[in-house]
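Dear colleague,

Please find below the structure I am handing over to you. My notes on it follow directly after.

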Protein chains: 2
Amino acid sequence: MAKDYVVGIDVGGQTSKIGVVDAKGDVLAQTVIRSDEFGEDADAFISALAAAVKDCVKKAGKEGQIRGVGVGAPNGNYYTGEVAFAPNLAWAAKSAVPFAKKLSASLGGMPVNLTNDANAAAVGEMTYGAAKGMKNFIMITLGTGVGSGIVIDGKVVYGHDGFAGELGHTIVVRHNGRLCGCGRSGCLEAYCSAIGVARTAREWLEVSDEPSLLRDCLNITSKDVYDAAKQGDAVALRVFQYTATLLGEAFADFIAFSAPEAIVLFGGLARAKEFLYEPMLKAMNENVLQIWRDKVKIVFSQLKESDAAILGASALAWEL
Amino acid sequence: MAKDYVVGIDVGGQTSKIGVVDAKGDVLAQTVIRSDEFGEDADAFISALAAAVKDCVKKAGKEGQIRGVGVGAPNGNYYTGEVAFAPNLAWAAKSAVPFAKKLSASLGGMPVNLTNDANAAAVGEMTYGAAKGMKNFIMITLGTGVGSGIVIDGKVVYGHDGFAGELGHTIVVRHNGRLCGCGRSGCLEAYCSAIGVARTAREWLEVSDEPSLLRDCLNITSKDVYDAAKQGDAVALRVFQYTATLLGEAFADFIAFSAPEAIVLFGGLARAKEFLYEPMLKAMNENVLQIWRDKVKIVFSQLKESDAAILGASALAWEL
């Protein structure tokens, strides 16, 4: 039987999404499993994932017709197939897990390609989304963390060791910066992730008496900050302005590296476009070299989040 | 007659070097002209350069055997052949000069390829020098300014518009940083160029009474700081330590971008290796993500400066 279908998997800290995809990029069937219920037991997670893949393929009616599996995972390494030292994945936080090899074994030897989740999303956007037709862009994923996928001349940059594109861990506050999940201080991710936005709000409320809708929240999340901003809350609006400014300043430095046509934003926090876009663009253009002023676009993903990651991961499987 | 030779040109702020190169990378003849005697008159400089090229080809005895010319110039654009808004070149400081086109016309239509000087040096190092055999590295040129050439998968990164690799203009001091030649503040170049090193020394001496050999200098240069450090001068040694630390911190961010095998240093200031290497490596490893700690090399150019730039530029001519 012709093997005309692939499976794309988006591994996240809380859930993992599986999709069966055809050559046109249509997702024929989808499944979601939790990825935070296995503690440090990587094998248990991979077994559950393999079972979900089989279910999903069955649901799509494509048994025996799958060419291979593509996986996007935080700290996933394209060259080695490992998921290594990923702070948001308990089962891979302290070691390098040979993920592609183990998943392939659990699927009876089916070929598996793996990359990091942001790289997968970048491929998804380039093939099906906001970066269609672009050969040089930088994908920034604003989720629980801040990830990135860098595309140069139409190809994802993997670097010497497969770990290129960790722009969430460039330093935006050089001295006395906030502690980051990576163990260092002052990273972009510590300020501009969903978690960072909530931290900014909490920190600011602690040191002032300014009234804010956020004072009614027990444990402020980025969603709370978004909802408060929607209602015109001054503190919440300033939190987004601050976050956007840090992002724009960081983008100016990224542009000096690879001179992209656009910065493409993706992920839960990117939904706050209405509060982020203007101050982000302003900070970027104020901080970039003259040759790039008002020339680099900031665009927001047009794909449903789960689709972009699944489609991007599935594109890896076609390479097999 | 077979056209088995090329010309490589390194355009600098003070002098420009021309060399006739054979396919093995041997420089058969060299000429140097001043590039700071033409004010804002780009045509006059290009005419003088064309005359020097003809002389050099004659000296090498290869008239009629030149395949083309490769040029490395500050702010040179590979795609457009222009030298645009180069602060250190009076004749191209305020506009975009169609350099490749004009030089080609002055040489009777001989084909000319152009890129920025740091990219040319990167190609030179990759082909003949310290980066031989490397496919992923970042070249940092520490001269009057700080330039960079980024190589990914064996290719120089030009980006969407041909201007990629301006790492000297990433921001290392975010607020109240030093004014840079580019008109912005806090750039790596404002601190870690030869000019930046001299400025650090002058600034520090102004705000303290600490004795230093540098107090005897009328107008401190980076060479003076180097000579004083050689004699154990405490201020001069601290200036290099500070410069090296800023560089190491910046390198850590660059690594997060493209995960290179090595950072390759080149240029006049790189000669202060004995004072820069250790604190630079320390700062880089202290600031880089765990996955890269103690894994990325810092290497110093092994080519004579003029040779690297000429050879790198000449490599562009072979593409013609």
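Which residues do ring pairs link into a cluster? They are A:F38, A:F45, A:W91 and A:F99. Rings of Phe, Tyr and Trp (its six-membered ring) count as a pair if their centres lie within 6.5 Å. Over all chains, the search finds 25 aromatic pairs.

Two sentences on conventions are in order. This is a predicted model, in which local features need pLDDT of at least 70 and side-chain atom pairs count only at pLDDT 80 or more, while totals for chains, interfaces and linings use all residues. Residues are numbered from 1 along each chain as its sequence is written, chains are lettered from A and ligands numbered from 1 in the order in which they are written, and side-chain values use heavy atoms, leaving out hydrogens and water.

Regarding the interface, 41 residues of chain B and 40 residues of chain A take part in the contact, which is defined as heavy atoms within 4.5 Å. Four salt bridges are counted between chain B and chain A, each a side-chain nitrogen of Lys or Arg within 4 Å of a carboxyl oxygen of Asp or Glu. A:E249 forms a salt bridge with B:R174, with the closest N and O atoms 3.6 Å apart.

Yours sincerely

Methods:
Phe/Tyr/Trp six-rings, centres within 6.5 Å; stacked < 30°, edge-to-face > 60°.
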